[in-house]
Amino acid sequence: MRKIARPLTRLIAHSLAAFAALALAAQPAAAQSVLRDAETEELLQDMLDPLLEAAGMNAGQVDVVILNDSSINAFVAGGQRIYVHSGLINAADNANEVQGVLAHELGHITGGHINRFSEGASKATSITLLSAVLAAAAAAAGGGEAAMGVLAAGQQAAMGSFLAFSRVQEASADAAMVSYLKCSGISGEGAVAFFRKLQNLEYRHNVRQSDDAEFSRSHPLTGNRIQRLEESLASDTPADSPPADLVTVVTEGVDADPQSEIIPRGPATCRTAPPLQAETAALETRFAKAKAKLFGYLAEPERTLNFYPVADTSEPAHYARAYAYHKEALVDQALAETDSLVTAEPDNPYFLELRGQILLESGRVADSLPPLREATRLTGAHPLIAAMLGHALIATENPGNLDEAEQVLRAAVGRDRENPFAWYQLGVVYGKRGDIPRARLASAEQQIMSGQPQLALSSAEAAEARLPTGSPDWLRAQDIALQARAQLERARDRN
Ligand SMILES: [Zn+2]
């Protein structure tokens, strides 16, 4: 964070509020954190949904969380989430490769491979998920260092409870992957290509010690595993049953345990026709943009400009360079890149979001409002974008903007339960209005979802004491106090 923040904070040091948006957007100092981005999250969900349906689940039943980590890895924890490292997205040449990985991880979920450490995993998950946003909210409140501590501890807990899968479980997840890919009509070429790529990386870096391909350490890759995968993808085996040889491996595996013998259940209905070519192409176009955006956001600006030289006038290149220039506080150049993007696609909400973000973070708060309002409107008030608009409205320091800020922030917290940043902003709105009970209630919301039950309890009790008895807010304050007490008790019992 510091590296990125230095040139920018000079420009916006006058505005504490603007810093919050910066902290939310900038790379945290800790090695790993959750990366939240509306465009990338929606893309990954759209890539996963047909696979979920192929697995007999509902679209959206499992979601994808992006972790800021340059190593190539993906894993499951908590049962309803697939974690993907930014390094994996960067290493993938196309969306189809990532879909292969998602299908495999989904196989671990449907195979019940995570149940036996679900206790540990769910605990770690709740910290991991929230910590990046918590860091932003806490940094805004002046607790930057403490927030980083929480972040680091949370990540460690999450990684510690993630264990390598056994060979048997890998075979079962591969079988599921083949089944889901076939059933949804999605090509298996990407899966094979990606596994081969990881295997080559392993050879090149003299295997297991390398951080580059953590995926292959936690999901051991062998030559004949990939070969088997290729064969079963190519075979005419019905999509709803795992290939016979894999079933054998699963049931005869020496280290089989009851959990890992679960063969993924067949889907209710299997899509026979592959997705339309146009659908696949659209997904690939979106992936190229999201990948470039992630690269520009995470890499050193110099590297970004090498990789996406000025002569490259593709949308992904403009996208990546906009971030590179923004990180160097070259506002005009960054805006010129977003101008090219917005001209090409005037109704692309994510291009408008970036334009608004750059303006906001470089201190041009009033100018940031139109693109952020438009991005909010075009996404039907996506919680992350609406939260940024709410933040910008507050940062104008114009009391006339508080009503609109409250409205968009309320919509954001209503749709996204894991958005402590929006709750923090909402608390600021109430505080500015002198509505202290509701400001305390908003703090309690932010604290309970950030894993701070002690603070949440005192905020909730303070809110409860001053809110009208029996009102919905009063009930909510009681609710949070109860939740916080229960969490504190559980913590005491553990010690
Ligand atoms: Zn695996």
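The protein chain contains 24 helices and 4 strands. Of its 495 residues, 50% are buried.

The mean pLDDT is 77, and 71% of the residues reach 70 or more. The lowest confidence is in helix 2 (residues 16-25), with a mean of 29, whereas the highest is in helix 16 (residues 331-344), at 97. Over residues 115-163 the pLDDT stays under 50, and the model has 100 contacts for this stretch beyond four places in sequence. Residues 207-212 likewise have a pLDDT below 50, with 8 contacts in the model beyond near neighbours in sequence. Where pLDDT is low, the predicted coordinates should not be read in detail.

Alanine 381 belongs to the loop that lies between helix 18 (365-378) and helix 19 (383-395). Its phi is near 60 degrees, a positive value in a residue other than glycine. Most residues other than glycine have a negative phi. The crossing of helix 18 past helix 19 is left-handed. On the side of helix 18, the contact is made by Val365, Ser368, Leu369, Leu372, Arg373, Ala375 and Thr376, and on the side of helix 19 by Ile385, Ala386, Met388, Leu389, Ala392 and Ala395. By class, the residues of this contact between helix 18 and helix 19 comprise 10 nonpolar, 2 polar and 1 charged.

Helix 16 packs with helix 17 (residues 349-361) at an angle of about 165 degrees, the axes being 9 Å apart. Helix 16 is therefore roughly antiparallel to helix 17. Here too the crossing is left-handed, as helix 16 passes helix 17. Helix 16 contributes Val331, Ala334, Leu335, Thr338, Leu341 and Val342, which meet Phe351, Leu352, Leu354, Arg355 and Ile358 of helix 17. The contact of helix 16 with helix 17 has 9 nonpolar residues, 1 polar residue and 1 charged residue.

Helix 16 also holds glutamate 337. Is this residue buried or exposed? Glutamate 337 counts as buried because it has 27 C-beta neighbours inside 10 Å. Apart from neighbours within four places in sequence, glutamate 337 is in contact with His318, Arg321, Ala322 and Tyr325. The C-alpha atoms of glutamate 337 and glutamate 315 lie 9.3 Å apart, and the two residues are separated by 22 residues in sequence.

The loop between helix 15 (315-327) and helix 16 contains alanine 329. For alanine 329, as a residue other than glycine, phi takes a positive value near 60 degrees. With 18 C-beta neighbours inside 10 Å, alanine 329 is classed as partly exposed.

Two further residues show relationships across the sequence. Leucine 426, in helix 21 (residues 420-432), is buried, because 28 other C-beta atoms lie within 10 Å. Not counting residues up to four places away in sequence, leucine 426 touches Leu409, Arg410, Val413 and Ala442. Leucine 426 is 39 residues from alanine 387 in sequence, and their C-alpha atoms are 9.2 Å apart in space. Isoleucine 226 is located in helix 11 (residues 223-234). This isoleucine 226 has 17 C-beta neighbours inside 10 Å and so counts as partly exposed. Isoleucine 226 and aspartate 174 stand 52 residues apart in sequence, with a C-alpha to C-alpha distance of 9.4 Å.

Notes
Residues are numbered from 1 along each chain as its sequence is written. This is a predicted model: local features need pLDDT of at least 70, side-chain atom pairs count only at pLDDT 80 or more; totals for chains, interfaces and linings use all residues. pLDDT is the predictor's confidence in each residue, from 0 to 100. Helices (H or I, at least four residues) and strands (E, at least two) are DSSP runs, numbered from the N terminus. Two residues are in contact if their C-beta atoms, placed from the backbone, lie within 7 Å. Axes are lines fitted to C-alpha atoms, for helices over the stretch in contact, and angles run from 0 to 180 degrees between N-to-C directions. Angles under 35 degrees count as roughly parallel, over 145 as roughly antiparallel, 65 to 115 as roughly perpendicular and the rest as oblique. A crossing is left-handed if the near helix is turned anticlockwise from the far one by less than a right angle, and right-handed if clockwise. Ala, Val, Leu, Ile, Met, Phe, Trp, Tyr, Cys and Pro count as nonpolar, Asp, Glu, Lys and Arg as charged, and the others, Gly among them, as polar. A residue is buried if 20 or more other C-beta atoms lie within 10 Å of its own, exposed if 12 or fewer, and partly exposed in between; C-beta atoms are placed from the backbone.
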